[in-house]
Amino acid sequence: MTDSLDDWGGAEFALAADRLDTPDVIEGADPGDMLRQVASSAAQVRTALRSCLEADLSAFTPDARPRAIVVAGLGSASLAGDLLGAVTGPSSPVQVVATQAERLPGWVGAADVVLAVSGSGATPETLAVATEAARRGCRLVGVGAGDSALQRIAEQARAPFIPFVVGGLPGPLLPRSMLWGLAIPLLVIAERLGVARIGTEVYEQAASRLEEVSHQCRPASESFVNPGKSLALDLVGALPMVWGTSALSGVAARRFAAQLSDNAKYPAVVGLLPDVLHNQIAAFDGPFAPAANRAPGPAGEPLPPPETVIEPETALDEPGLSGAGELSGLPGLSDLSDLSAWSLDYEDSRGPVSGFTPVRLVLIVDPDQDPRVGAQQRAVSELVGQRGIGLSELAMDGEHPLVRLAGVVQLTDYASVYLAIASGIDPSQTAAITDLQARIE
């Protein structure tokens, strides 16, 4: 593999695929055991359910239904709040609000429940919100690492605290790998309040789905039958655009984009139909689209031909630019006579470009999407096919929203780690995050 991903040719792609089909290489390229951390998801579900049984949640009953449930957290903790909102759905009798700020919204008060979520139990913004919630008289629940600052705040407020506990791994989980252990307590509390209908059977179905996907995506499984590796290879050297087709698949899209950044160090554009049809779809006409299908210039005129050179004399003969004297009052343009060597070279951006990064669309399709959105999704699939844009379509499957979300999130979590390995990147390294935190502190 080349040291850079600037230009993924056939040889580089073949070597990336070879990396993913060599178990010893995978193990060596994953020193932080990110694949094992992803595989812990099912255990997180079951362990979190046991932790909820051990916590005193007796104050949370349908008769004590709040005006709103506010979930405070950052990163995976924030996504846990989004997951709660998507699973409860738009018909929920209680508003579910996720906040990433260090202060509660002004309207939150004693009639509301605040769920403070932090995998480390030490996120400053979450601690500030938990403290403020207790001061305002909100019903507070803490979810996160045991023996932490968040647990102490909950204890001081005489509020329940649900610890995040997962064993069997050689080291601690990174926050990005804690989604299920943080999300399940929120769902349990919502269910106790009569806001969600899940049940023991559905939780077990979700855990089983996570295990099924983990088996399909195991390192020993070759890429042509491994959906996680196949998706990773689809994205090698590409710019991913990840779109959901419902509130539920939108959560999966945001999760995938976050994991692509966290694990593969890939930027990703995330969106939701139909909103993306009013803005993001315009990128299909831009510099990341296949060369033959890029948009023409203004008013339908073709782009400038290769190596077009606009000389100074030509530019100054344009209407409104009759000579240098008319520009003499502009700063830095008092004398254009010294610009004899000035020229503007316009190269044709439609031809092959070394280092070209193509956009690739990832559509996460929810079978429970609105029929109108379904028609839009099919039209988008046709459009990208005609324009030669790469498309990876991920179909959610399952009767309950939690089960559907579990399957696709587990798949994309694996894909993000495999993409890092295929690219020669340590998926667990957090150098930029650590560097930034050091500068802030």
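## Starting with one residue

Let's begin with alanine 232, which sits in helix α10, a stretch covering residues 227-235. Keep in mind that this is a predicted model. Is alanine 232 buried or exposed? Its relative accessibility is 0%, so alanine 232 counts as buried, the cut-off being under 20%.

Who does alanine 232 touch? If you skip its neighbours within four places in sequence, alanine 232 is in contact with Leu20, Ala415, Tyr418 and Leu419. Take leucine 20: along the chain it is 212 residues apart from alanine 232, yet their C-alpha atoms are separated by 9.4 Å.

## The whole protein

Now zoom out. The protein has 15 helices and 11 strands, and 47% of its 441 residues are buried. Look at contacts between residues at least 6 apart in sequence: 77% of them join residues at least 24 apart.

## The largest pocket

The largest pocket has a volume of about 950 Å³. Its lining has 32 residues, and Leu74, Gly75, Pro175, Ile433 and Gln437 are the ones nearest the centre. Helices giving at least two residues each include α5 (76-88) and α15 (431-440). By type, the lining splits into 13 nonpolar, 12 polar and seven charged residues.

## The second largest pocket

The second largest pocket comes in at about 380 Å³. It is lined by 22 residues, with Ala86, Val87, Thr88, Gly89 and Pro90 closest to its centre. Which helix gives the most to this lining? That's α5, with three residues. The lining is made up of nine nonpolar, eight polar and five charged residues.

Terms used
Residues are numbered from 1 along each chain as its sequence is written. This is a predicted model: local features need pLDDT of at least 70, side-chain atom pairs count only at pLDDT 80 or more; totals for chains, interfaces and linings use all residues. Side-chain values use heavy atoms; hydrogens and water are left out. Helices (H or I, at least four residues) and strands (E, at least two) are DSSP runs, numbered from the N terminus. Buried means under 20% relative accessible area, exposed over 50%, partly exposed in between (1.4 Å probe, protein chains only). Contact means heavy atoms within 4.5 Å. On a 1 Å grid over the protein atoms alone, a cavity is a set of points where a 1.4 Å probe fits but cannot get out, and a pocket is an open set with protein on both sides within 12 Å along at least five of seven lines; lining residues have an atom within 4 Å of a point. Grid points are joined across faces, edges and corners, and a volume is the space filled by probe spheres set on the points. Ala, Val, Leu, Ile, Met, Phe, Trp, Tyr, Cys and Pro count as nonpolar, Asp, Glu, Lys and Arg as charged, and the others, Gly among them, as polar.
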